[in-house]
Amino acid sequence: MTSLEVTEKNTITRARDGSLPPDAPGWTAEIDNPYLHGVYAPTTVETESAELEIVSGEIPADLYGAYLRNGPNPVFKPKHNYHPFDGDGMLYGIFFKDGEASYRNRWIQTESLILELEESKSIWPGVMGPFDFTLPGFPIKDTSNTDVMYFNDHIISLWYNAGIPYRLDPTTLETRGRETLNGQLKRALSAHSKLDWEKEELIFFDYFDDFPHMSYGIADRKGNIIHQENIELPGPRLPHDIGVTPNFVILHDCPFFHDVGLLKQNRKRVVAFHRDIPTRFGVQPRYGKGSEVKWFECEPCYILHVVNCWEEGDWVVQVGCRSTNPMPKADPGDGDLSHMLAYMRLEANMYVWKFNMKTGEVIEGDIDTTNSEFCRANPLYMGYKSRFSFNQYIMTRKNDAVGTLAFGALLKYDLESGHIQRYDYGRGVFGSETPYCPKRGATRNDPEDDGYLTTFVTDTNDWSSYCLIFDARDITPGPVCKIKMPHRMPYGFHANWVRGEDIYK
């Protein structure tokens with residue numbers, strides 16, 4: 001194992017939640033912030049291993065590809081109040097082939113991190129501000145720490161706030177520089193661009209404070225932009241995801257946004273949920289003009305992540321996780337961190353929206369009221385009617401004894417029967433987003449859930465981390481294989497499955 005040379009000597013001390021892992025940088029003990037302690041504490045370890053210890057079970061021979069997870073891992077002590085979106089991106093990957101597994105993790109060498117390494121200190125402020133418009137690039141740090149996907153022979157890392165996409169080597173995870181879509185990318189990419197495995201297209205979007213406030217585009221398998229349109233919104237918005245079907249894209253205009261005037265005045269982005277404004281979803285012809293978008297008004301809400309979208313006759317269906325309280329009331333006792341901590345106490349549940357393209361009718365309603373998010377479907381079914389969603393149970397409520405965002409269980413939703421399977425990770429054990437991993441050679445003609453689910457978990461009782469592999473048909477017996485990882489893995493954001501056919505060329 002190796003450690004970044006600029007990292008201060010590690011110390012073990014008591015932190016806000018009573019714990020600090022032994023491999024966390026020493027400066028974390030100086031800051032009273034739960035997103036720098038416990039399971040969130042950054043690691044100083046960057047390593048790789050060709051041999052991993054199998055604790056139980058065995059690796060399925062037809063699990064062929066890589067499970068990659070992105071997440072925040074700050075190198076330097078932050079200049080101002082820290083938010084997890086500010087942490088330098090670190091990519092963690094476990095690679096499966098012929099019943100064996102290997103592992104490596106790497107910091108994503110963003111332009112901002114490279115400059116901070118040269119200066120040996122933090123330079124950029126984070127999303128809590130104050131924004132510094134004199135700095136190169138973004139006025140806050142673009143960390144590329146949020147999402148990850150495979151596209152055009154590279155791994156692409158993305159940032160929550162719509163930032164610069166970076167290219168990484170698909171086997172070594174070494175950063176290869178910016179992804180510019182062959183020099184055609186006008187600005188940035190949202191964290192939740194979509195990859196259509198069938199058409200081999202990248203569907204992406206961007207949002208910004210200036211008119212028209214949104215754009216979306218499509219790139220072919222070689223990274224050439226083949227379609228790009230501006231979308232006019234009433235003002236700046238903070239859309240998080242996008243829906244895709246064979247003939248449409250579904251764009252989000254939610255009443256959860258900031259005041260540009262306040263941002264210019266106090267150099268901080270103040271986000272508010274406007275309960276008197278409906279949420280709008282724009283169903284846009286996939287290759288159509290921006291003027292062709294058809295808007296549907298729905299109950300006020302915010303939506304982070306879409307499960308899937310599909311077409312049923314005149315209807316376009318969207319399934320996702322809806323939040324009617326995206327900004328819970330802040331606790332004054334949390335001081336300067338109160339609004340950040342409130343925002344990160346995610347409250348959401350499975351929900352469905354149906355839009356009639358002929359009549360303009362909307363049908364919407366709950367699928368389940370369990371607090372769950374980070375929903376994933378079989379990627380072979382993207383844009384086509386699917387039955388299953390694999391979610392994380394969100395531990396933010398008082399009866400969970402967790403004061404902030406944490407994943408306590410894996411859920412499997414059957415959208416046809418209404419049945420829900422659940423696997424609890426265990427007391428003090430926290431999971432990661434769990435994408436569906438099709439078996440080697442699988443197609444949409446195979447049973448939808450006849451594959452695997454892969455995730456990382458970290459046990460805060462002894463700071464050990466594991467990779468769990470589940471049979472997606474039934475998660476209740478627990479993982480079919482448990483693999484010990486070579487170091488503690490801090491909490492992360494989004495994960496994705498990359499097919500072996502793409503990696504092992």
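**View 1. Lining of the largest cavity.** Strand E22 gives the most to the lining of the largest cavity, contributing 3 residues. The model shown here and in the other views is predicted. The volume of the largest cavity is about 230 Å³. Its lining is made up of 20 residues, and those nearest the centre are Phe85, Leu304, Tyr343, Met344 and Leu346. Two or more lining residues come from each of strand E22 (302-312) and helix H3 (338-344). By class, the lining of the largest cavity holds 12 nonpolar, 6 polar and 2 charged residues.

**View 2. The second largest cavity.** In the whole structure, 7 cavities of 30 Å³ or more are found. Around the second largest cavity are 17 lining residues, with Pro78, Asp86, Ser122, Trp124 and Lys141 nearest the centre. This lining divides into 7 nonpolar, 5 polar and 5 charged residues.

View 3. Arginine 488 sits in the loop that runs between strand E34 (481-484) and strand E35 (495-499). Arginine 488 counts as buried because its relative accessibility is 5%, and buried means under 20%. Leaving aside residues up to four places away in sequence, arginine 488 touches residues including Pro21, Ala24, Gly38, Val39, Thr458, Trp463 and Ser465.

**View 4. Polar partners of the arginine 488 side chain.** The side chain of arginine 488 makes a polar contact of 2.7 Å with the side chain of aspartate 23. At 2.9 Å, the arginine 488 side chain also reaches the backbone oxygen of alanine 41.

Note on methods:
Residues are numbered from 1 along each chain as its sequence is written. This is a predicted model: local features need pLDDT of at least 70, side-chain atom pairs count only at pLDDT 80 or more; totals for chains, interfaces and linings use all residues. Side-chain values use heavy atoms; hydrogens and water are left out. Helices (H or I, at least four residues) and strands (E, at least two) are DSSP runs, numbered from the N terminus. Buried means under 20% relative accessible area, exposed over 50%, partly exposed in between (1.4 Å probe, protein chains only). A polar contact is a pair of N or O atoms within 3.5 Å; within protein, one must be able to donate a hydrogen and the other to accept it, and residues adjacent in sequence count only if both atoms are side-chain atoms. Contact means heavy atoms within 4.5 Å. On a 1 Å grid over the protein atoms alone, a cavity is a set of points where a 1.4 Å probe fits but cannot get out, and a pocket is an open set with protein on both sides within 12 Å along at least five of seven lines; lining residues have an atom within 4 Å of a point. Grid points are joined across faces, edges and corners, and a volume is the space filled by probe spheres set on the points. Ala, Val, Leu, Ile, Met, Phe, Trp, Tyr, Cys and Pro count as nonpolar, Asp, Glu, Lys and Arg as charged, and the others, Gly among them, as polar.
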